[in-house]
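Please keep the model open while reading.

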4 protein chains.
Amino acid sequence: MHHVDKAVRKQAIEHNIEVIKYGVQLGSKALSVWLSDGSNFPGQLNFRTAFQNTLESLQEIYTALPDDWKVWVEYKPYEPNFYSTTIGDWGQSYLLASKLGAKASTLVDLGHHLQGTNIEQIVSLLLMEGKLAGFHFNDSKYGDDDLTVGSINPYQLFLIFNELVEGMDARGMNHATAIGWMIDASHNVKDPIEDLLQSVQAIKIAYAQALLVDKTALQAAQSNNDVAQAQEILQQAYRTDVRPLIAQASLANGGALNPVEAYRKLKVRDNLIKERGLKTVATGL
Amino acid sequence: MHHVDKAVRKQAIEHNIEVIKYGVQLGSKALSVWLSDGSNFPGQLNFRTAFQNTLESLQEIYTALPDDWKVWVEYKPYEPNFYSTTIGDWGQSYLLASKLGAKASTLVDLGHHLQGTNIEQIVSLLLMEGKLAGFHFNDSKYGDDDLTVGSINPYQLFLIFNELVEGMDARGMNHATAIGWMIDASHNVKDPIEDLLQSVQAIKIAYAQALLVDKTALQAAQSNNDVAQAQEILQQAYRTDVRPLIAQASLANGGALNPVEAYRKLKVRDNLIKERGLKTVATGL
Amino acid sequence: MHHVDKAVRKQAIEHNIEVIKYGVQLGSKALSVWLSDGSNFPGQLNFRTAFQNTLESLQEIYTALPDDWKVWVEYKPYEPNFYSTTIGDWGQSYLLASKLGAKASTLVDLGHHLQGTNIEQIVSLLLMEGKLAGFHFNDSKYGDDDLTVGSINPYQLFLIFNELVEGMDARGMNHATAIGWMIDASHNVKDPIEDLLQSVQAIKIAYAQALLVDKTALQAAQSNNDVAQAQEILQQAYRTDVRPLIAQASLANGGALNPVEAYRKLKVRDNLIKERGLKTVATGL
Amino acid sequence: MHHVDKAVRKQAIEHNIEVIKYGVQLGSKALSVWLSDGSNFPGQLNFRTAFQNTLESLQEIYTALPDDWKVWVEYKPYEPNFYSTTIGDWGQSYLLASKLGAKASTLVDLGHHLQGTNIEQIVSLLLMEGKLAGFHFNDSKYGDDDLTVGSINPYQLFLIFNELVEGMDARGMNHATAIGWMIDASHNVKDPIEDLLQSVQAIKIAYAQALLVDKTALQAAQSNNDVAQAQEILQQAYRTDVRPLIAQASLANGGALNPVEAYRKLKVRDNLIKERGLKTVATGL
């Protein structure tokens, strides 16, 4: 998208427009764009030209978007490029999205941040600006580790959901449909379906805990600069064991009380392998 | 500036407006704003409210700016607050500056970034948007260490100057006056004047090396995706020992060939202490 | 301790020996040593000489230790020095402690690590080597932030306690007395006693949850490389709301069910201020 | 090496012993061990068991080492595992190497550190302990980026060589043969031979500059705590343009004045492709 050669950029643009066409046939309503464009060495590219080329490419794609579609612009600080990424942080994604127009917004992948980034603050500000596209959920200790959601820092996940619930409610947004919810975790030391079940469970827990936060009391504590009390209120929600609640809700919806346990007892994996063969399953996931 | 209590914010606003008045008397043309506002614990504040309060406060100050003044909005990820800073990164500063108007822009302190941030890319993009206010120069290995400019990573300093020269030339900006040049380094293990002399020397070296970059050849290498050649071109400039050139220029301007050496030989410090007394000097620096 | 001048080192050594004498009178059994020694600029010191000087100084102090005393060697990567710290990481502390002898061991302050450090692994290995002195508990998002224990990443705290319980049990160590338990958190945006109460509560929660880990099942999962199951087992313990249990234990020991709430209802702070005066209390904490 | 199953560990051990046999036939004198062993999720393994299993495996390999061989133990904080690495830092490698014996030492890959690590200090201390095996040279901005040596932070490279020269001279070590010198950089956006030529050039420059450091003056500045002067001395050497010297030395040894330029002018790559075919060359590198 940022390539110095216009012909190469054209290829990338046309590929995206083609993807939109397939998406329309599939009933999709959004194009999610993550660009690995960047550089490995100082001098390899001109940052300004790379940004402008990317903007132009995205503008052409934007023009081809159906009326009821969105385009989501993801950012990432490094990898596969190790000196610069052309859409490297939320500010660069926001700059592009605001130049593109109302259909464009910023997608947050939890693993796409430098160490120490306050992700929940970014989430809050993007919601404030009407520019939060949605999430790629996962967890990480170092970089884009794509570990199971909630496996490394579940409190951070809760804090993000706390901002989501508060910020969406403030704008009257529908929790389920207003933004895109995606899991982007994958690891080869776990059965991928179990990984997914654990990720979904972690998201349900964080969401339920965020709904438990006493917002009136929190606002009062914030107004009084009662910092210790604000922490008590958040941790009161976070420390609550919401698993029985989630299990009951799952049961009421025809699901399992304990998804990983049920998956194992019902030998879902074995049955799928019998149906599809060992290699097909492996490739399919 | 982000305080929940409007009366407290009013105090801060009035203090800034008072500062502008003194500035006018002193012939200054810019107000530089760094806010330590932030939070130490999750829940302590509402990020959105904190941002909006800050914006409102800055808008009132902006209204009070004389016609020919600028306001520079600095950002910093952490310290003195250790959970969030209300103007935490360039994106948050840019968002404020773009909402404020043409007189507002973003000030870059080299030490105010998370580890791994590509500062030169931020410099390039802010220049592109006409929103680079200027710099607080220093160097650091960890955080806001405020070490002597060029003492830890002189190549990064060169790369920043490379973006500055290229980006300012592209917009026809005057190198000396278009942005604010400040040194914000301070360390108590060095004589502060020697520290300053070393910082100025490092800046001169990086600037001279950036001027030496063969821009035509670099652009050609970039157009051909000749990454090895692009690195050769940058390092050809960086490896050049420009100290004789700078010494000659200093001499031509009535300065010393080797500032630190001259400062020591002329016993400037001793003479200042004789003039002002030991304690006064210490306080004054 | 690492000073180039032997006379200066002697002063520091004698100060420590004096402290031991006071400690003996107070019934203490350990000397905790944290050295801020380091450098701000490349070249400022010779790393090897600094290490050897520190070792020699500590050896003199070690010789002066009473038979039943320990010396705890703390490490920290940066601050107040911003280029190097002479005892910068656990490896450097361990190297010193192993050269000193059996009375010397390594003290872990949770905030004294580079971003991304796996602290629980360090704890496990130090226990394995019989060289874990104890802890300075706190929490942090960036560096040595000294925030309330459990306020930023309570899962990490649990994982540390999980290693502690497992590792101490493996060596038959007494949980309460075998190592030093200290809280080193302090923040001026909270009432310091409330901060302490919240820290103690977070430690009790993490410890209780670590005791709940089904060690037999965990070992079986580890032996089978059943990674998903191992995570289920740890999170089963961590997700349990142990607060009622802790409240009951507190009540049984004559304590409050909810310490922060009780502290507020009983107006402990107001009463202390009445007794001691406003300024004394402030200074005393 | 750390596997819970002894049979699996046996396979790894035997593989290493086989490698030693091939090495003997090739005239090699060292076995370099980098283990990717680690874990992706808390609970996946027991840190102590993993360490002990690794130690046992290495002990068996150590026993199989010919008398005049060395074993080099590399460390790395993360990747391909994203929660823990069993030999994660220099301290863990040192602990293993000291338990193994005199033939074992620690290999430093410049990219295998957490952000902010003072690598030159580690180099100095390992030399002091007689436990520095050698280097994998490369450069990085984020993690194990394997970029061309000297392409991101050439001053850090100089500082490492400064410790090497000083520390090896202090022990009377032969610069060329006492430790292992390896380049471990690789990037697919450059011709790999050009990448290598640039890396070698960067190493020669850093080494030549380190030899230029006025050690007597530096020691004097350190003894006087003259921090500004110490910086002047180091930068005096670093700012010197040693490229003409290196070119002359290269010419005297039958090499090219400018390696990358010569490689291009002589069309070495084209000629190699003609000889070997396009695909073979690509695979071979």
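The model is predicted.

Begin with chains C and D. In this pair, 39 residues of chain C are in contact with 38 residues of chain D. On the chain C side, the elements that give two or more residues are helix H2 (47-63), helix H3 (90-100), helix H4 (119-128), helix H5 (154-170), helix H7 (215-223) and helix H8 (227-239). H8(C) provides the largest share, five residues. By class, the side of chain C that touches chain D holds 18 nonpolar, 18 polar and three charged residues.

Chain C also touches chain B: 16 residues of chain C are in contact with 16 residues of chain B. The chain C side of this contact is made up of seven nonpolar, seven polar and two charged residues. Of the interface residues of chain C, 100% are also interface residues in chain B, so the copies meet through the same surface.

In chain D, five strands in the order E1-E3-E5-E6-E7 form an open sheet with parallel pairing. Strand E1 (30-33) and strand E7 (180-183) of chain D stand at the edges, and each has a single partner strand, so one side of each is left without a neighbour in the sheet. From one strand to the next, the twist averages 25°.

Which strand does E1(D) pair with? The partner of E1(D) is strand E3 (residues 70-74) of chain D, and the two run in the parallel sense over four bridges. Within this pairing, D:Leu31 stands opposite D:Val71 in E3(D).

Conventions. Residues are numbered from 1 along each chain as its sequence is written. Chains are lettered from A and ligands numbered from 1 in the order in which they are written. This is a predicted model: local features need pLDDT of at least 70, side-chain atom pairs count only at pLDDT 80 or more; totals for chains, interfaces and linings use all residues. Two residues are in contact if their C-beta atoms, placed from the backbone, lie within 7 Å. Ala, Val, Leu, Ile, Met, Phe, Trp, Tyr, Cys and Pro count as nonpolar, Asp, Glu, Lys and Arg as charged, and the others, Gly among them, as polar. Two strands pair if DSSP finds at least two bridges between them. Axes are lines fitted to C-alpha atoms, for helices over the stretch in contact, and angles run from 0 to 180 degrees between N-to-C directions.
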